[in-house]
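Hi everyone, thanks for coming.

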Amino acid sequence: MSHPTLPLDFQRYPAEQMRTRAAAFYDDLRRRRTVRDFSSEPVPRELMLDCVRAAGTAPNGANMQPWHFVLVEDALLKRRIRLAAEEEERAFYEGRASDEWLAALAPLGTDAHKPFLETAPWLIAVFQQNWGTRPDGSKQRHYYVKESVGIACGFLLAALHHAGLATLTHTPSPMGFLREILERPVNERALMLIVAGYPSEEARVPVITKKPLADICTIL
Ligand code: IYR
């Protein structure tokens, strides 16, 4: 059976422009910092939806697009998420985490207190769909689910940053409460909670460095 194809819509740039584009993209992305102090200033829904549209273009296993993004703006839902997340985080910081893990987190200044889950205008709960359902009700296998949704989260974070928003990837563990609070089906599992909005006026970020290129890249 032959499957339909269409001509590739590929944008080719002059070599010099490619260099400036690559450098400018890096220069923009390197400014993205994980923010933990958000303003409650509202962010338009349509802006958020375009960012989710961008995430939905991510390459993924067999084009099953095994993801679902829940945009949470509702204050009551945000409160419920904060309370549930803080409960898990308290268990983490007060016992579940190893001393080694807590030492690794110390420079970031994180703790079980997560006010940003209520302050920020938007939370995006990212769910991975471990399997799908065909129109006839049978189960559709999904492939490379974690990789696919991980790439989509990368696209989403880059899109939100590009749009001019601050972001935070929050991974309370375990995250089962998100599926319950947001009433997602049993084939879905929360992978990450992304907080988006404007930073507060006083927001500060820890001094951290990124590994030099020589440490993260080998040319053969
Ligand atoms: N989930 C906890 C702990 C935490 C873990 C890692 I790895 C981080 O990079 C940051 C935090 C929390 O959100 O506080």
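A bit of housekeeping before that. This is a predicted model, where local features need pLDDT of at least 70, side-chain atom pairs count only at pLDDT 80 or more, and totals for chains, interfaces and linings use all residues. Residues are numbered from 1 along each chain as its sequence is written, and side-chain values use heavy atoms, with hydrogens and water left out.

Okay, the chain. We've got 8 helices and 6 strands, taken as DSSP runs numbered from the N terminus, with helices being H or I of at least four residues and strands being E of at least two. Reading from the N terminus, the order goes α-α-β-α-α-α-β-β-β-α-β-α-β-α. The C-alpha trace spans about 55 × 50 × 40 Å along its principal axes.

Now the ligand. Which residues surround the ligand? They are E89, F92, Y93, W101, L105, D111, K114, H170 and T171, where being near means having a heavy atom within 4 Å. That shell splits into 4 nonpolar, 2 polar and 3 charged residues. For these classes, Ala, Val, Leu, Ile, Met, Phe, Trp, Tyr, Cys and Pro are nonpolar, Asp, Glu, Lys and Arg are charged, and the others, Gly among them, are polar.

Let's look at polar contacts, meaning pairs of N or O atoms within 3.5 Å. The side chain of Y93 has an N or O atom 2.5 Å from an oxygen atom of the ligand. With E89, a polar side-chain atom sits 3.2 Å from a ligand nitrogen. T171 uses its backbone instead: a polar atom there is 3.4 Å from a nitrogen atom of the ligand. How much of the ligand gets buried? On its own the ligand exposes 370 Å², and the protein buries 71% of that, going by the Shrake-Rupley method with a 1.4 Å probe.

As for where the shell comes from, helix 3 (75-96) and helix 4 (99-105) each give two or more residues. Helix 3 gives the most, with 3 residues.

On to pockets. These are found on a 1 Å grid over the protein atoms alone: a pocket is an open set of points where a 1.4 Å probe fits, with protein on both sides within 12 Å along at least five of seven lines, and lining residues have an atom within 4 Å of a point. The ligand takes the space of the second largest pocket, since sitting in a pocket requires more than half of a molecule's atoms within 2 Å of its grid points. That pocket holds about 310 Å³, the volume being the space filled by probe spheres set on the points. Of its 17 lining residues, E89, Y93, L105, H170 and T171 lie nearest the centre. Helix 3 again gives the most, with 5 residues.

And the largest pocket? That one has about 440 Å³ of space. Its lining has 13 residues, with R30, R32, R33, I208 and K210 nearest the centre, and it divides into 5 nonpolar, 2 polar and 6 charged.

Finally, the backbone. The peptide bond from S173 to P174 is cis, with omega near -5°, and P174 lies in the loop between strand 5 and helix 7 (176-181). Y144 isn't a glycine, but has a positive phi near 45°; look for Y144 in the loop between strand 4 (139-141) and helix 6 (145-163).

Note on methods:
A polar contact is a pair of N or O atoms within 3.5 Å; within protein, one must be able to donate a hydrogen and the other to accept it, and residues adjacent in sequence count only if both atoms are side-chain atoms.
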